[in-house]
Amino acid sequence: MNKIALREQLTAFLHEDIGFGDVSSGLIDQRETSFATVTAKMDGVFCGMDVVLELAQMQRLVVESCQPDGTVVSIGDELFTLRGKTRTLLETERVLLNLIQHLSGIATMTRRCVEQLNDPTIAVTDTRKTTPGLRMLEKHAVRSGGGKNHRLRLDDAVMIKDNHITALGGITNAVARARMLAGHTTPIEVEVETLEQLHEAIKADADIIMFDNRTPEELKAWRALVPSHIKTEASGGITVETIASYRGTGVDVISIGQLTHSVTALDCSLNLVGGIKHAVTRNDASAIR
């Protein structure tokens, strides 16, 4: 993970949440220190170790322990423990938990899809249907759950979809233009919706052919027509509830938007351990802001 980009994002997230200062935590004596333990309130897969470590460093907190990404956790399991100024722990809590819960939810959903599919010959990947600003983290969470990443950005690969086919006058012309303009290291993928398009994509010798919104039975039949040197992908409408039916279809990849755009956060809670070490008196009023 790009640590510079992560720090920039976390800085923006803290500014967004804290504003000019946490007026609630400002009621606490600035000398007080505490431990904070974060525990899981649901079964799932933990993801977010880099977030914990980077936020702790930024906020001058100490990470006493932290589960590695990809760890399977149960209700009540300790995810990580922090130590530091009580004010800082509390002002950091929401950003930290929001990210951890979201990323762990993605990792959990991905693990469920991989387990439900139960076919090691097919890779489960995400899509570009990610939250703006969170793509790097969300795609990391997919990997932590046992999945793989589709292209990260539009410049990673040529992906010729229905609107490109319309705009360029067909698959043959679209692939030819891509071969002429794209570098030799840039793969060309074509989305097909009909048998006619499939035959045209094969003839154009696309590197990857995506079968859009096909049934498992159609996938098996269509995959048998594709030469072995062309990779195949199934996409469109596949969810954790239906993915098992795609086992044994012969495709190389199944891409699922649900992994990032429709996940349930893995609920967890932060609890302070330790009490007020300094009684607040009238003379301490200047220390409370």
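Residues are numbered from 1 along each chain as its sequence is written, and side-chain values use heavy atoms, without hydrogens or water. Since the model is predicted, local features need pLDDT of at least 70 and side-chain atom pairs pLDDT 80 or more, while totals for chains, interfaces and linings use all residues.

Let's start with the rings. Phe-46 and Phe-80 make a tilted pair, 6.4 Å centre to centre with 50° between the planes. Phe-46 sits in the loop between strand S2 (44-45) and helix H2 (49-58) and Phe-80 in strand S5 (residues 78-85), so the pair ties together parts 34 residues apart in sequence. Helices (H or I, at least four residues) and strands (E, at least two) are DSSP runs, numbered from the N terminus. Both Phe-46 and Phe-80 are buried; that means under 20% relative accessible area, with exposed over 50% and partly exposed in between (1.4 Å probe, protein chains only).

Phe-211 and Trp-222 form an edge-to-face pair, at 5.9 Å and 80°. Phe-211 belongs to strand S9 and Trp-222 to helix H8, 11 residues apart.

Now the backbone. Most residues other than glycine have a negative phi. Asn-118, in the loop between helix H3 (86-117) and strand S6 (123-125), has a positive phi near 50° and is exposed at 55%. Asn-213 has a positive phi of about 55° and is partly exposed at 46%.

Key. Rings of Phe, Tyr and Trp (its six-membered ring) pair if their centres lie within 6.5 Å; planes under 30 degrees apart count as stacked, over 60 as edge-to-face and the rest as tilted.
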